[in-house]
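Keep the viewer open as you read.

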Amino acid sequence: MTFLHTLTALMPVASILLFLVILRWPAMKAIGISLVITALMTAYIWQVPVIQISASVIEGWIIAASILIIVFGALFLLNTLTQGGAISVIRAGFIGITPDRRIQLIIIAWLFGSFLEGASGFGTPAAICAPLLLALGFNPLAAVALALIADSSSVSFGAVGTPVLVGISKGLDSVSAGQLQQISATAISIDMFVGVLIPLMLVSILTRFWGKNKSYKEGLALWPFALFSGFAFLFPAWLVATTLGPEFPSIIGGLVGLTLVISAVKLNFLVPKKVWLFPQDETQRVDVKPSSIVDETNPRLSIYMAWAPYVLVAVLLVLTRVNVLPFKALLAKVKIEFSYILGTDISNSISPLYLPGFIFVIVCFITFFLHSMTAKQALSSLSISIKTLIPTALTLATAVPLVRIFINSNVEGAVLGSMPKELAATMAELFGQAWPMAASFVGALGAFISGSATFSNMMFADLQQATAQNLGIAEHIVLALQMLGSNAGNMICVVNVVAACSVVGLSGQEGAVIRLTLVPMVIYCFLVGLVATVWLSFL
């Protein structure tokens with residue numbers, strides 16, 4: 001590639017980092033300008049036909065509509081539970097388990113979030129866990145950033161194994177079930193050394209940025225419990241991945257982890273004597289919630305009834321994602337097709353009933369009756385959710401088309417292949433035998449741009465395999481690094497950040513979120529590369 005070609009391929013990433021993270025512009029402005037610059041450079045330097053760029057923009061709007069359905073469902077669920085008083089009961093229940101904010105964070109973001117990721121994916125964990133943390137009294141920025149960081153290791157096997165069964169499988173010309181099993185087992189084995197540190201990273205960031213003393217030490221002081229929590233998810237996930245396959249590691253790991261960690265708290269196992277609280281906890285009753293929501297306590301709700309909607313969401317997500325049951329096929333069968341947009345080879349579709357947002361909405365209507373909500377409360381929940389969705393819709397209308405232009409740049413008439421693959425190929429040439437230290441960063445790049453670990457694996461699996469073959473490196477280890485990198489990229493993925501910010505009322509603060517999640521992402525990718533390099537040295 002020439003310098004101009006390289007600059008064009010880097011533009012979607014570089015412009016977002018410059019405008020959103022460094023200059024701290026609101027996402028709507030930063031991504032909108034990035035879209036215009038990228039489109040112009042793609043047309044004039046990469047020489048992609050204007051019709052292809054236009055079709056990519058339309059495809060982006062179609063995908064954005066799918067994301068908005070999920071975000072709306074998450075907003076509607078949050079507002080329904082708040083209006084009906086369930087959030088107050090849940091908040092009191094968590095304080096009953098433990099008032100320690102560090103442990104609350106691990107239970108909700110790391111363990112409950114991992115279960116949700118395993119059951120659904122599609123950005124569901126951050127969309128559910130961030131507002132739940134907010135309702136418990138966490139700072140909105142902390143709620144979003146920490147929920148995104150926590151939604152990492154479980155992404156490798158999210159949505160019932162989709163990143164492996166669809167991403168890796170379709171990204172390679174041919175791959176057997178045994179090879180997929182080997183790649184999955186390798187990925188979780190590497191993650192046993194790195195992912196286990198995520199809970200400790202979460203609590204350290206929490207105490208450093210939102211604690212009274214602004215100290216990492218108060219988070220690191222929880223290290224025995226944090227490491228136990230990491231293994232409580234990863235070890236059962238490893239057992240499942242190495243024996244049963246990639247479909248259920250995150251689901252079972254999340255459930256087992258929740259059981260073990262909550263039991264440990266109740267038994268006071270590894271729980272520090274000194275309880276860590278937010279500054280406001282020490283002076284007043286915690287009452288932090290979205291400013292637009294009025295929380296009306298419902299004294300008739302038990303803790304079990306308050307949690308019932310979340311349990312129902314989890315059950316329905318699992319039932320509608322498992323292939324052996326008929327529900328997945330029935331829901332996915334309802335499709336809105338968009339074939340050969342503007343006469344190009346770009347096609348897409350929406351399966352509205354299969355999206356997690358549809359499940360959220362169904363649960364909201366059930367909750368109206370379960371919690372004996374009034375018509376006024378129900379309409380208020382709906383109204384607030386729609387109003388909150390508007391700025392997110394405008395941001396996603398620019399963010400997703402930007403991604404699709406980048407991905408769809410491999411077309412007849414263009415001077416080179418697709419921008420993502422050209423960038424990755426250039427990286428492979430630069431790193432050579434040190435490729436294991438770079439492979440995960442390629443996976444992270446794919447997830448950052450596309451908004452999906454599955455898409456990242458589909459884009460780069462064949463390149464990772466070819467690079468491993470050319471360099472004489474074990475393919476299954478390099479492909480495992482691709483998987484792990486794509487889950488790390490989930491921490492900084494623009495689409496997920498925009499969606500999660502919307503749910504907690506932080507639209508316009510997306511750059512602040514990425515500044516907090518970027519360093520953990522880099523550390524994670526570096527460490528998995530280091531573990532893989534050591535592993536390869538023994539082969």
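**Charged pairs in the interior**

Arg-404 has a relative accessible area of 6%, so this residue counts as buried. Before going further, please keep in mind that this is a predicted model. Which residue does Arg-404 pair with in a salt bridge? The partner is Glu-59, and the closest N and O atoms of the two are 3.1 Å apart. Glu-59 is buried as well, because its relative accessibility is 3%. Glu-59 sits in helix 3, which covers residues 50–83, while Arg-404 belongs to helix 17, so the pair ties together parts that are 345 residues apart in sequence.

This bridge is one of four salt bridges in the model. Another one joins Arg-101 and Asp-281, with 2.8 Å between the closest N and O atoms. Here Arg-101 lies in helix 5 and Asp-281 in the loop between helix 13 and helix 14, so parts that are 180 residues apart in sequence are tied together. Are these two residues buried or exposed? Both Arg-101 and Asp-281 are buried. Moving on to Arg-102, you will find a salt bridge with Asp-100, where the closest N and O atoms are 2.7 Å apart. Arg-102 and Asp-100 are both buried too.

**Around Thr-80 and the cysteines**

Return now to helix 3, where you can pick out Thr-80. With a relative accessible area of 0%, Thr-80 is buried. What does Thr-80 touch, once residues up to four places away in sequence are set aside? The list is Cys-364, Thr-367, Phe-368, Met-373 and Ser-381. To see how the chain comes back to this place, select the C-alpha atoms of Thr-80 and Val-363: they are separated by 9.7 Å, although the two residues are 283 apart along the chain.

Cys-364, one of the residues that Thr-80 touches, brings us to the cysteines. How many disulfides does the structure hold? The number is zero. For Cys-364, the nearest cysteine sulfur belongs to Cys-129 and is 16 Å away. A disulfide needs two cysteine sulfur atoms within 2.5 Å. Cys-364 has 0% relative accessibility and therefore counts as buried. Cys-501 is likewise in no disulfide, the nearest cysteine sulfur being that of Cys-493, 12 Å away. The relative accessible area of Cys-501 is 0%, so Cys-501 is buried.

At 1% relative accessibility, Thr-392 counts as buried. Apart from its neighbours within four places in sequence, Thr-392 is in contact with Leu-68, Val-498, Ser-502 and Ser-507.

Now look for empty space. Rolling a probe the size of a water molecule over the atoms shows where empty space is left. Counting cavities of 30 Å³ or more gives one, and the largest cavity has a volume of about 50 Å³. Which residues line the largest cavity? They are Ile-16, Ala-399, Leu-402, Val-403, Phe-448, Ile-449, Val-494 and Val-495. Helix 17 (375–407), helix 19 (436–450) and helix 22 (494–503) each give at least two residues to this lining. The largest share, three residues, comes from helix 17. In the lining of the largest cavity, eight residues are nonpolar, with no polar and no charged ones.

**An open pocket between helices**

The last stop is the second largest pocket, which holds about 580 Å³ of space. Its lining is made of 19 residues, and those nearest the centre are Phe-94, Leu-258, Ile-262, Trp-307 and Val-311. At least two lining residues come from each of helix 4 (86–97), helix 5 (101–119), helix 13 (249–266) and helix 14 (303–319). Which helix gives the most to this lining? Helix 14 does, with six residues. What classes of residue make up the lining of the second largest pocket? By class, 16 are nonpolar, two are polar and one is charged.

How values were computed:
Residues numbered from 1 in each chain as written. Predicted model: local features only at pLDDT ≥ 70, side-chain atom pairs only at ≥ 80, totals over all residues. Heavy atoms only, no water. 1 Å grid on protein atoms, 1.4 Å probe; cavity = no way out; pocket = protein on both sides within 12 Å on 5 of 7 lines; lining within 4 Å. Points joined across faces, edges and corners; volume = space filled by probe spheres on them. Helix = DSSP H or I, 4+ residues; strand = E, 2+ residues; numbered from the N terminus. Nonpolar A, V, L, I, M, F, W, Y, C, P; charged D, E, K, R; others polar. Buried < 20%, exposed > 50% of the residue type's maximum accessible area, 1.4 Å probe, protein only. Contact = heavy atoms within 4.5 Å. Salt bridge = Lys/Arg side-chain N within 4 Å of Asp/Glu carboxyl O.
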